[in-house]
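Here is a brief report on one protein chain. Please keep the sequence and the structure in view while reading.

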Amino acid sequence: MKLLLVFLLFYCPTLLAVDVETDRAAALVDNQQMTLDEQTEMALAAVVSKKSGWSLDAIRQKNVINESFNSIILRNYYQKPPMALGNNSMWFNVVVDEIKLKDLMIEHKIPVWPDNRGQIFVWIVEESVDGELINAAPDSATFYWLDHWLKQKGVPARFYDYQDEDLLVFQPSDVRYLNPDLIDFVEQSTDVNAVLLVFVKHQRSGFSYRYGFAKTDQQASIKTLKFIELASGLETLASEIQAIMSHDQQVFADEFSQSTVSVKVNNLVNSDQVLKLLNYFDNHALIDDYHINQLKNGQLSAMMNINVLPDTFVKFVDEEQVIEHLPLDLGHSILFSMTK
C-alpha cells in the first residue's frame, strides 16, 4: 500500500462524471404576473426535476408538489438575465434541505438521479439572418440560455471554447451538418460521456435548431425544432438531453436500502488502474464509505456500505463500464473485473 500512496501524490486521473448540486434550482418566472406561491411551486418543481430526471411536464401531470415541499426551502432569491438579452423574466431560485428533499421524493415514489453524473461536450454554431456561420460566443444569447437550462436540468456540460481549443480540421460547418467524424474525434480525445452538436439558425420570424446527440457506444440521434423565443426553444432542447442522460440512471423508492457488501475486483494490472478504481469508488454516489482489506496479485478486496440494494448497485456499476460484474456472487459478496 506504500507504493499506492506514492502514486496518489503524483497522479490525478480525469473523472468521467461530475458532482451536481441538486439542493438548488431555478424557474424562469414573470414576477409581475405570478404570485409568490406560483413562483415557489415552479421553482420546487425545477428542484425535483433536477434531482429526479423527470421532466417539468411529468411533475406537473403527476401533481406531486404539495405544501409539504414548502417546509424544505432554506432560502430563495431572484436573478435577472443579462439586460442585453431583452428578456423580462427573472430566475427565481430556491435552495432546499437536500436530505429532506430526498426523503419526500422517496415518500412520493419519485425516483432519485444520483448526483455524480456523466458530462457532455457541447459545441454550438449559429447562422445569422444574413447567412454568416459563426461559433456561439460565451456572451451570446444562445450560449447563455443553453448553458443555464442544462444547469437547471442537472446535466453537467463542457462547452467548446473555440478561442482556447483546437479541434484540428473541424469547422463550424461540421457542426451545422453534424459531421460524424467530429463526434468520433471528440469521443476519442475527451473524457466525456456524450457529445452534443447544436446548429441554431436565426430567422426573421424566429429560430430553428438542429442538433445531434451521441452517447458513448450508442447510436446518435438527430432532432429539429422551429420556435419563436430563444429561451423556451433551448429549454426544450435541454429537457430532451436531460431525459436521455437520466434514462436508466434513476434509483426508485423500493431500491433504497442500507447494505454492506464485500467487493472484489480482479484483473488489476498496474498502479494506474488501481488509482482509477479508488477514484471511482471515492466519487460514486451509491457508495457511502468503503475499506480496503487487501490488494494482492491483481485483486482488490474491500468492504462497502452502499445506500441501495446490491442488485441496483451492480446495475449502475455495469452501466458505467469502469468495472464489469462477474455473475459468480455468493450472497452479499460481489465479484467484478477491471475493464480494458
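## Around Ser301

Ser301 touches Val263, Lys264, His291, Ile292, Asn293 and Gln294, leaving aside residues up to four places away in sequence. The model is a predicted one. Ser301 sits in strand β14, which covers residues 299-308. Is Ser301 buried or exposed? Its relative accessible area is 9%, and buried means under 20%, so Ser301 is buried.

The largest nonpolar core has 51 residues. Within it, Phe69, Phe281, Phe313, Ile323 and Phe336 touch the most other members. Helix α2 (residues 36-52) supplies the largest share of this core, 6 residues. Another core lies apart from it and holds 32 residues, among them Ala26, Val122, Leu150 and Ala238. In soluble globular proteins, nonpolar side chains tend to be buried together.

## Helix α2 against helix α5

Two packed helices are described by the angle between their axes and the distance between the axes. For α2 and α5 (residues 98-107), the angle is about 80° and the axes are 11 Å apart. Angles of 65 to 115 degrees count as roughly perpendicular, so α2 and α5 are roughly perpendicular to each other. Which residues make the contact? From α2 come Val47, Val48, Lys51 and Ser52. From α5 come Glu98, Leu101 and Met105.

## Helix α8 and its two sides

Helix α8 runs over residues 180-189, and its buried residues are Leu182, Ile183 and Val186. Seen down the axis of α8, these buried residues fall within an arc of 100°, so they line one face of the helix. The face turned away from the buried side carries the exposed residues Pro180 and Gln188.

What covers the buried residues of α8? The cover includes strands β6 (120-127), β9 (194-203) and β10 (206-215), along with helix α7 (172-176). At the start of α8, a side-chain oxygen of Asn179 comes to within 2.8 Å of the backbone nitrogen of Asp181.

## Arg210 in strand β10

Arg210 lies in strand β10. Its relative accessibility is 25%, so Arg210 counts as partly exposed. The side chain of Arg210 reaches the backbone oxygen of Arg176 at 2.4 Å.

Arg210 touches Arg176, Tyr177 and Leu178, as well as Leu197, Val198 and Phe199. Ile222, Lys223 and Thr224 are also among its contacts. This list again leaves out residues up to four places away in sequence. Arg210 and Ala285 are 75 residues apart along the chain, and their C-alpha atoms are separated by 34 Å.

## Two positive phi values

Most residues other than glycine have a negative phi. Leu178 has a positive phi, near 50°. Leu178 is placed in the loop between α7 and α8. With a relative accessible area of 9%, Leu178 is buried.

Asn267 also has a positive phi, near 65°. Where is Asn267 placed? Asn267 is in the loop between β12 (256-266) and α10 (271-282). Its relative accessible area is 49%, which means that Asn267 is partly exposed.

Definitions and conventions:
Residues numbered from 1 in each chain as written. Predicted model: local features only at pLDDT ≥ 70, side-chain atom pairs only at ≥ 80, totals over all residues. Heavy atoms only, no water. Core = buried A, V, L, I, M, F, W, Y, C linked by side-chain atoms within 4.5 Å. Buried < 20%, exposed > 50% of the residue type's maximum accessible area, 1.4 Å probe, protein only. Helix = DSSP H or I, 4+ residues; strand = E, 2+ residues; numbered from the N terminus. Arc of directions from axis to C-beta. Contact = heavy atoms within 4.5 Å. Polar contact = N/O pair within 3.5 Å; in protein donor to acceptor, adjacent residues only side chain to side chain. Axes fitted to C-alpha atoms, helices over the stretch in contact; angles between N-to-C directions. Parallel < 35°, antiparallel > 145°, perpendicular 65-115°, else oblique.
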